Amino acid sequence: MITSKFKEFIFAPGTIAESCHASTVLPLDDGSVLAAWFAGEHEKADDVRIWVSKRRDGEWSYPVAVPSDKNVAHWNPVLDLRNDGTVCLYYKKGKTTPSWRTWFVLSKDNGVTWAQPQILVPGDKIDGRGPVKNKCIRLSNGALLAPASTEQRFQWRAFIDISYDDGATWQKQKNITRPRITDGIVGMIQPTLWESPPGSVHALIRSSGSRIYRSDSSDYGLTWGRAYATALPNNNSGIDCVKDDGGRVWLLYNPVEKNWGGRSPLTLAVTKDNGETWENVLDLETREGGEFSYPAITYMDGRLHMTYTYDRKQVAYWEIGL
């Protein structure tokens, strides 16, 4: 399945900050690749900002911070390409996750310059509107789905935000119903999505239940079934998946079963039967004690593009030919 692969780092340790996390990646039609992440003294610090780099002709540009508030923490950027070619960069802003709100900046020149920040849903009081960590997907009916979640009052709940006007306005759907396990109700955040036949949409979800959970929709994401455990281990760390042109779905995750277990290895898996069974294909990182986490994966023209946190000091990038 894999015909080529290479790994590189986007920047050297300490280049822009002591700590970094939560990257996102977006290949563009001109052959370049954008990546973004948050970085600062440490997660939650007031100096944490969103940084962007662009890969062109085999080299990453020196990271640049997007316009932002310099006195409050920024989190979890998500890159998206609008239908008119505008690059949209979503991110969260706030001292803590229950208090953050979703903002975005736009670029008309493929990430070279950025407009001033705008709040995604003015007046909204929910902390997780729009994409919370993983990329949006465009469905066969033209709808834009954002995998979202909220962490209010120590309760983790996943939901889907839908836009029918390419991100200008959003409609929040009901929270995905969480199952009960021995220790209580499973906490679920940071879904990742794919569409199989038109209208059939599927979510894999990070959980506190030592497994990746799944929920399914048969009406273009308007309603969702009760979440259920898959056979995939989950250490309560971020995951991401993408579907290729052949219908295979590729997943990046830490196959560690213990809740809050170590974030190594980081593994690429694939399913050829719409998520009924999965095969681990490649360990991107395996070092014991390392943190290789919060992966992002996308697909374009026969190639997988992936980024992830490397020991909270760097962002690693992989490109895999299929």
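Trainee: In which strand does Thr-271 lie?

Mentor: This is a predicted model, and residues are numbered from 1 along each chain as its sequence is written. Local features need pLDDT of at least 70, side-chain atom pairs count only at pLDDT 80 or more, and totals for chains, interfaces and linings use all residues, while side-chain values use heavy atoms, with hydrogens and water left out. Helices (H or I, at least four residues) and strands (E, at least two) are DSSP runs, numbered from the N terminus. By this naming, Thr-271 lies in strand E23.

Trainee: Is Thr-271 buried or exposed?

Mentor: Buried means under 20% relative accessible area, exposed over 50%, and partly exposed in between, with a 1.4 Å probe and protein chains only. Thr-271 has 0% relative accessibility, so this residue counts as buried.

Trainee: How many aromatic pairs does the structure hold?

Mentor: Rings of Phe, Tyr and Trp (its six-membered ring) pair if their centres lie within 6.5 Å; planes under 30 degrees apart count as stacked, over 60 as edge-to-face and the rest as tilted. By this rule, the number of aromatic pairs in the structure is 10.

Trainee: Of what kind is the pair of Phe-38 and Trp-75, and how many residues apart in sequence are the parts that the pair ties together?

Mentor: The ring centres of Phe-38 and Trp-75 are 6.1 Å apart and the planes stand at 65°, so the pair is edge-to-face. Phe-38 belongs to strand E3 (residues 33-40) and Trp-75 to strand E7 (residues 74-81), so the parts tied together are separated in sequence by 37 residues.

Trainee: What is the angle between the planes of Trp-156 and Trp-260?

Mentor: Trp-156 and Trp-260 form an aromatic pair that is edge-to-face. Their rings are 6.1 Å apart from centre to centre, and the angle between the planes is 80°.

Trainee: Which residue of this pair counts as exposed?

Mentor: Trp-156 has 16% relative accessibility, so Trp-156 counts as buried. At 52% relative accessibility, the residue that counts as exposed is Trp-260.

Trainee: Over which ring does the charged end of Lys-172 sit?

Mentor: A charge sits over a ring if NZ of Lys or CZ of Arg is within 6 Å of the ring centre and within 35 degrees of the ring normal. One such case is Lys-133, whose charged end is 5.6 Å from the centre of the ring of Tyr-294. The charged end of Lys-172 sits 4.3 Å from the centre of the ring of Phe-159.

Trainee: How many cavities of 30 Å³ or more are there?

Mentor: On a 1 Å grid over the protein atoms alone, a cavity is a set of points where a 1.4 Å probe fits but cannot get out, and a pocket is an open set with protein on both sides within 12 Å along at least five of seven lines; lining residues have an atom within 4 Å of a point. Grid points are joined across faces, edges and corners, and a volume is the space filled by probe spheres set on the points. The count of cavities of 30 Å³ or more is two.

Trainee: Which elements give two or more residues to the lining of the largest cavity?

Mentor: The largest cavity holds about 60 Å³ of space. Its lining includes Ser-23, Thr-24, Val-25, Ala-296, Ile-297 and Thr-298. The elements that give two or more residues are strand E2 (19-27) and strand E25 (292-300).

Trainee: How many charged residues are in the lining of the second largest cavity?

Mentor: The second largest cavity has a volume of about 50 Å³, and Arg-101, Asp-124 and Arg-129 are among the residues that line it. Ala, Val, Leu, Ile, Met, Phe, Trp, Tyr, Cys and Pro count as nonpolar, Asp, Glu, Lys and Arg as charged, and the others, Gly among them, as polar. The lining has four nonpolar residues and one polar residue, and the number of charged residues is three.

Trainee: Which residues are the closest to the centre of the largest pocket?

Mentor: The largest pocket has a volume of about 800 Å³. Of the 29 residues that line this pocket, the closest to its centre are Cys-136, Ile-137, Arg-138, Thr-298 and Tyr-299.
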